[in-house]
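I opened the model today and kept notes as I went. Each entry records what I looked up and what I found.

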Amino acid sequence: MGDPLNAQPLPPGDFTDAVAGFATGVVVLTVRDGRDDLGTTVTSFMSVSLEPPMVLAGVAAGSYLAEVLDRRDRWAATVLSAGQRALAGRFAAEGRPGARLLLASEPHHRGPLSEALIPDGGLAALECETRRRIDAGDHRLYVAEVLSADYVARRRDPLIRVNRRYV
């Protein structure tokens, strides 16, 4: 054992390797900003409270999406099903177009409470309202109350990400 007072910082690549084996569900987060619709794939998503129902989503702090989420409190989170691997990839791609184009060939609708685009065919779609924003390193965490479950489909298998792959 080394001296904890002389511990070296964990290199980012080692950290990425260490957490890659942690299996996580895959969520598409969408938000409407005026006439524009934005979205991204996130794996930093979890429930945090039952009463009131609350979730937490992590987004890259320097992203345009974070900028929009800082001024728009309502958004949607769709928990993807196993058959939505391609959709997850499209929403994760660098330089991706707006959510309307990404969903053009997919069944979807607009959430009545958030006005965000919501892909159909997931495990669940939640409409959320941000209650707290927390800066955490290179990400911003959005703690939000769940206003409604737009839909829940219990019979579908989830899309899981583990070891840098969707399974």
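Predicted model: local features only at pLDDT ≥ 70, side-chain atom pairs only at ≥ 80, totals over all residues.

**Entry: the largest pocket**

I began with the largest pocket. Its volume comes to about 1300 Å³. Which residues sit closest to its centre? I found Thr 41, Val 42, Thr 43, Ser 44 and His 139, out of 39 residues that line the pocket. I then asked which elements give two or more residues to the lining. They are the helices α1 (12-20) and α2 (64-71), together with the strands β3 (36-42), β4 (45-49), β5 (54-60) and β10 (139-152). Strand β3 supplies the largest share, with 6 residues. I also sorted the lining by class. I noted 20 nonpolar, 13 polar and 6 charged residues.

**Entry: salt bridges**

Next I turned to charged pairs. How many salt bridges does the model have? The count comes to 12. I looked at three of them one by one.

I started with Asp 73 and Arg 133. Their side chains form a salt bridge at 2.6 Å, N to O. Asp 73 belongs to the loop between α2 and β6, while Arg 133 is part of strand β9 (residues 124-136), so this bridge ties together parts that lie 60 residues apart in sequence.

I went on to Glu 129 and Arg 74. This salt bridge spans 3.4 Å, N to O. Glu 129 is in strand β9 and Arg 74 in strand β6, so the pair ties together parts 55 residues apart in sequence. Arg 74 is partly exposed, at 31% relative accessibility.

Then I checked Arg 140 and Asp 135. Their side chains meet at 2.7 Å, N to O, in another salt bridge. Arg 140 counts as buried, with 16% relative accessibility. Asp 135 is exposed, with a relative accessible area of 58%.

Do these pairs stand alone or join up? I asked which residues are linked in a network of salt bridges. They are Asp 70, Asp 73, Arg 133, Asp 135 and Arg 140.

**Entry: Glu 129**

Glu 129 is in strand β9. Its relative accessible area is 16%. The cut-off for buried is under 20%, so Glu 129 counts as buried. I also listed what Glu 129 touches beyond four places in sequence. The contacts are Asp 73, Arg 74, Val 143, Ala 144, Glu 145 and Leu 147.

**Entry: Gln 84**

Where does Gln 84 sit? I placed Gln 84 in the loop between β6 (74-79) and α3 (85-92). Is Gln 84 buried or exposed? Gln 84 is buried, with a relative accessible area of 7%.

I then looked for polar partners of its side chain. A polar atom of the Gln 84 side chain lies 2.9 Å from the backbone nitrogen of Ser 81. A polar atom of that side chain also lies 2.9 Å from the backbone oxygen of Asp 120. Setting aside residues up to four places away in sequence, Gln 84 touches Pro 119, Asp 120, Gly 121, Gly 122 and Leu 159.

**Entry: Arg 161**

My last stop was Arg 161. Arg 161 is in strand β11 (residues 160-162). At 27% relative accessibility, Arg 161 is partly exposed.

How far apart are Arg 161 and Gly 21 in space? The C-alpha atoms are 8.9 Å apart, although the two residues are 140 apart in sequence. Beyond four places in sequence, I listed Phe 22, Ala 23, Thr 24, Val 26, Thr 43 and Tyr 166 as residues that Arg 161 touches. Thr 43 was already in my pocket entry, among the residues closest to the pocket centre. The side chain of Arg 161 also has a polar atom 3.4 Å from the backbone oxygen of Arg 164.

Terms used
Residues numbered from 1 in each chain as written. Heavy atoms only, no water. Helix = DSSP H or I, 4+ residues; strand = E, 2+ residues; numbered from the N terminus. Buried < 20%, exposed > 50% of the residue type's maximum accessible area, 1.4 Å probe, protein only. Polar contact = N/O pair within 3.5 Å; in protein donor to acceptor, adjacent residues only side chain to side chain. Contact = heavy atoms within 4.5 Å. 1 Å grid on protein atoms, 1.4 Å probe; cavity = no way out; pocket = protein on both sides within 12 Å on 5 of 7 lines; lining within 4 Å. Points joined across faces, edges and corners; volume = space filled by probe spheres on them. Nonpolar A, V, L, I, M, F, W, Y, C, P; charged D, E, K, R; others polar. Salt bridge = Lys/Arg side-chain N within 4 Å of Asp/Glu carboxyl O.
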